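Please walk through this structure with me, one part at a time. Keep the sequence and the 3D view side by side as you read.

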Amino acid sequence: NGAKQKVKVEPRTTLLNALRNHCEPPLTGAKLVCDHGSCGACTVLLDGRPVYACMQLAANAAGREVTTVEGLAKGGELTPVQQAFVEHDALMCGFCTPGFVVSVSACLKEKPSATLDEIKTACSGNLCRCGTYPKIFEAALAAGKKLGGGPR
Amino acid sequence: MSGRGAEGLAGALGAATGRLQDGDQPPRPPKPGKKWVKTTKVVDGHEREEWIEVDAAGGPSWPERSAMRVLHQRLPRVDGPEKVTGAARYPHDVRLPGMLFARLLLCPHPCAKVELDLEAARKLRGVHAVRSLRPSDLPADEDWITRYLGQPVAAVAAETPELAEDALRAIAARFDERPFAVTREQALAPNAPQVRSDGNLGRRNERGDREAAEKALAAADRVIEATYVLPVQHHLCLEPHGLVADYRGGEEATVYASTQGTFAVHGEVPRHLGLQAGQVTTLVPHMGGGFGSKFGPGVEGVTACELARELKRPVHLLLARADEFLTAGNRSGCVQTVRAGATKDGKLAALIATIDRLGGIGGGSHAGLPYIYTCGASFSEIRSVHTNTDGSRAFRAPGHPQASFAMESVMDELACAIGMDRLAFRLANLGDDVWKRQLERVAREIGWEGHRHKAGPDLSDAPVKEGIGFGVSTWGGGGRPECEVEVRIARDGGVSVFSGSQDLGTGTRTYVAAIVAEEFGLALGDVTARIGSSAYGRANGSGGSTTAASLAPAVKDAAHKAREALLERLAPELGVRPDQLALADGRITGGGVNIGWKEACARLGADGITTHGTWQAELAGNGVHGALAARVQVDTLTGEIAVVKMVCVQDCGLALNVLAAESQINGGMIQAMSYGLFEERVIDPDLGLMLNANLDDYKIAGCREMPEMLPLIDEEDRRGVIGLGEPPAIAGHGAIANAIHNACGVRLREMPMTADKLLMGLEALRAGARGAREGAGGRG
């Protein structure tokens with residue numbers, strides 16, 4: 001998230017556990033759900049690309065740029081993606097939300113004009129149990145428009 | 001546990017809706033100044049309806065919906081910004097100085113004698129506690145035998161999650177396997193291992209008149225017989241069960257719990273910390289899903305408290321994902337065999353059912369058959385069959401989705417048997433006009449009018465076929481006098497509202513603030529809702545869709561009293577009568593007065609205004625209907641089943657926040673679809689091991705499976721607030737099963753409805769057609 005973090009961890013420590021348990025202050029936005037690379041709740045950007053933080057060793061991230069959901073909004077202002085999630089009610093319990101926000105942000109950064117189908121594909125590694133998917137799609141399409149994706 | 005108290009009444013009470021009821025009449029005439037209202041009571045997430053006596057005099061009332069400025073609008077959640085930035089702190093995210101991470105060791109067998117040697121684990125660096133969970137009331141000379149697959153047997157606490165895992169591995173546990181039953185067949189076999197001390201058959205009850213039902217069945221023009229099988233479904237809350245117990249010695253502690261009942265946890269944790277209730281604060285700041293499975297602290301929460309008490313350090317114990325599947329509850333499976341008959345003119349004449357609830361060591365749930373539809377004569381036998389698996393818990397409309405799947409399938413099979421349009425057959429057998437208008441509405445939205453093959457499947461040669469299915473649902477969702485709410489107006493104009501109630505993703509925090517904002521003519525952002533703390537007013541657990549109908553009236557009452565107190569205080573100073581003043585758009589006006597909210601509040605004393613509210617029966621309602629339609633595409637070559645569109649119309653009285661209500665309806669539809677198409681707990685019957693205790697092999701619906709969804713709120717319902725968490729989750733999978741049949745003629749009676757079952761069904765249809773041709777001396 002733009003700041004240098006130095007942590008001392010065992011080699012087996014995942015990037016997710018390093019973020020959540022060893023960073024100061026702890027970065028708990030990325031969630032531990034499946035610990036298995038199945039649900040996407042721990043999605044972070046590693047050098048700008050979305051990855052499952054539970055499937056990366058912390059040591060593997062040494063010297064690389066890690067962006068968590070906490071690092072998306074600059075200066076306390078929500079990003080267009082975050083704003084759209086709030087406006088479209090693209091969250092319920094909110095536990096999957098950080099992962100979806102990061103996945104959608106990465107998708108729209110690459111292609112603001114992403115279609116519904118492309119958004120579904122970009123988020124196909126994220127699971128939600130409350131059933132927010134339809135509103136997430138609405139939010140992502142609206143944010144894409146705001147980010148200059150234009151009509152599609 | 002599994003809510004046996006409420007469920008046990010299921011068979012004895014003959015409500016055609018499947019809801020448990022006290023009866024249609026109040027028990028006695030009301031006392032002077034009182035009246036009776038029917039409402040919903042929830043025990044461990046299971047609902048029953050009962051009559052309660054309340055004040056007859058009307059309290060505050062909701063404004064006309066058209067006059068509402070904040071309520072009944074599309075309100076983004078007040079905690080949305082926290083949740084999208086990662087700032088929202090869930091119990092799982094709590095990090096405290098000196099905090100230890102705890103884990104449970106689960107018994108890997110369905111039934112085993114347990115012996116533990118903890119010494120090696122205790123010696124590990126960074127491990128602070130290792131304890132056996134052997135029941136304290138078990139005599140020392142008696143064997144410790146576990147009862148279900150995944151029963152916790154030991155706990156560890158260590159400085160990191162990694163070290164805690166090491167400690168689990170270092171426990172020398174000896175499990176002597178004992179004979180077990182993990183399937184219904186094993187439990188019912190002669191000489192089956194005894195699962196519970198009272199045997200393998202639990203609560204059994206009968207309902208209806210066997211003789212009359214048999215007679216009606218014999219007289220019916222067409223009869224069907226079928227068995228419907230539903231698997232065990234997991235709640236799969238993304239945040240696991242558990243809590244963080246912050247105790248560092250002394251006489252105070254704070255507990256951060258992932259629960260749907262702040263006070264359900266608070267009522268139990270203090271004694272496990274060795275403290276009294278007043279010395280402990282239980283907090284539920286945010287929580288990551290419950291769906292009926294998270295009320296009391298559970299063994300994980302109790303263990304966290306006991307470890308914290310022993311170590312005098314904060315302890316974090318939230319279950320690992322695999323443990324969630326094995327020891328955090330589930331929706332009971334069931335096997336239902338039904339014989340049913342209809343008359344040629346389209347009446348459901350008779351239904352006879354035997355129903356086995358499969359709730360593991362728990363009782364399981366079933367709402368009873370017939371479900372919703374009016375039936376000439378019926379008889380059913382319901383029993384629980386116990387297995388050595390985790391006990392079922394309440395899960396979004398306990399018992400209803402099971403009953404609905406069988407009932408909607410029966411209705412469809414009978415409609416086909418008499419050659420009637422399946423929608424028309426349903427309409428002809430519904431006793432209540434609300435369901436009829438709702439069914440007609442979803443039929444319009446799903447495109448039933450233009451659908452080519454209403455009575456039978458698509459017989460064309462097209463490889464991909466489309467079908468439509470329907471279903472109806474019911475629930476209570478009423479409120480009770482179980483919440484106390486405080487509203488404060490400060491001299492700086494700040495408004496806050498306090499309740500111990502919790503927000504499990506339903507949007508509680510937002511409507512609590514919205515009700516107060518509406519009352520004061522303020523914007524949503526002008527009110528701060530403080531919830532999820534045992535330090536605030538008591539509140540019921542969020543089970544059985546009773547939160548909104550219990551809490552909203554108490555919030556409204558407190559806000560109404562605060563408004564009156566404010567105007568009474570200000571009016572004399574402003575030279576007007578209180579009843580001349582109106583609050584709107586952040587201003588106080590009337591009788592020549594026109595001042596801003598803050599300016600007015602500045603006239604208050606330093607102590608401001610504080611009022612308390614309680615439940616007001618007039619502001620809530622009870623008893624809802626719902627109808628659902630699904631359009632499904634079936635690929636007859638690959639067996640792939642794709643839901644194309646789902647529509648659900650739901651009444652819920654006054655929808656406090658339309659946007660959140662829509663989300664709830666979507667969520668219910670999606671969970672039902674996921675249940676119908678993907679979800680199933682798989683246990684190897686010989687080894688007694690669960691084969692899919694992870695999120696890869698236990699599949700739930702994801703982005704790629706999402707159909708077009710249309711959530712509709714039935715605005716013709718003009719009653720007060722009624723909950724709607726449960727009902728939209730009831731009818732989806734049954735509607736999908738019927739849509740599959742309508743598409744291709746395959747009747748899937750066993751969930752999940754997967755491609756392999758569909759292909760086998762198609763093959764059976766082809767074989768049947770060949771057999772019929774050959775039998776008739778055809779071309780072969």
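Which residue in β6(B) stands opposite A129(B)? Keep in mind that this is a predicted model. The residue is A157(B). The two strands behind this pair are β5(B) and β6(B), which covers residues 152-158 of chain B. They pair in the antiparallel sense, over five bridges.

Now widen the view to the whole sheet. Strands of a sheet pair through backbone hydrogen bonds, and the pairing can be parallel or antiparallel. In chain B, seven strands make an open sheet. Follow them in the order β5-β6-β3-β13-β10-β11-β12. The pairing here is mixed. At the edges stand β5 (127-132) and β12 (280-283) of chain B. Each has a single partner strand, so one side of each is left without a neighbour in the sheet. From one strand to the next, the twist averages 20°.

A helix lies across this sheet. Find α9 of chain B, residues 298-311. The strands it lies across are β3, β5, β6, β10, β11 and β13 of chain B. Its direction makes an angle of about 20° with β10(B).

Next, move along chain B to helix α13, residues 433-446. Its length can be checked. At 1.5 Å a residue, its 14 residues should span 20 Å. The end C-alpha atoms are 20 Å apart, so the two values agree.

Which residues of α13(B) are buried? They are V434(B), W435(B), Q438(B), L439(B), V442(B), A443(B) and I446(B). These residues cover an arc of only 165° around the axis, so they sit on the same side of α13(B). What do they pack against? Their partners are α12 (422-427), β17 (464-475), β25 (624-635) and β26 (641-650) of chain B. Turn to the face that points away from the buried side, and you find the exposed residues D433(B) and R444(B). After the helix comes G447(B), with a positive phi near 85°.

The loop between α13 and β17 of chain B holds D458(B). This residue has 19 C-beta neighbours inside 10 Å; a residue needs 20 or more to be buried, so D458(B) counts as partly exposed. Beyond its neighbours within four places in sequence, D458(B) is in contact with H453(B), K465(B), A743(B) and C744(B). Look at N742(B) too. In sequence, D458(B) and N742(B) are 284 residues apart. In space, their C-alpha atoms are 7.0 Å apart.

Strand β1(A), residues 43-46, is joined to β2(A) by four bridges. There, L45(A) has P50(A) as its bridge partner.

Finally, see how the chains meet. In this model, 46 residues of chain A are in contact with 44 residues of chain B. On the chain A side, α1 (15-22), α2 (80-87), α3 (97-110) and α5 (133-149) each supply at least two residues. The largest share, four residues, comes from α2(A). By class, this side of chain A has 23 nonpolar, 14 polar and nine charged residues.

Technical notes. Residues numbered from 1 in each chain as written. Chains lettered and ligands numbered in written order. Predicted model: local features only at pLDDT ≥ 70, side-chain atom pairs only at ≥ 80, totals over all residues. Contact = placed C-beta atoms within 7 Å. Nonpolar A, V, L, I, M, F, W, Y, C, P; charged D, E, K, R; others polar. Pairing = 2+ DSSP bridges. Axes fitted to C-alpha atoms, helices over the stretch in contact; angles between N-to-C directions. Expected span 1.5 Å × (residues − 1). Buried ≥ 20, exposed ≤ 12 C-beta atoms within 10 Å, placed from the backbone. Arc of directions from axis to C-beta.
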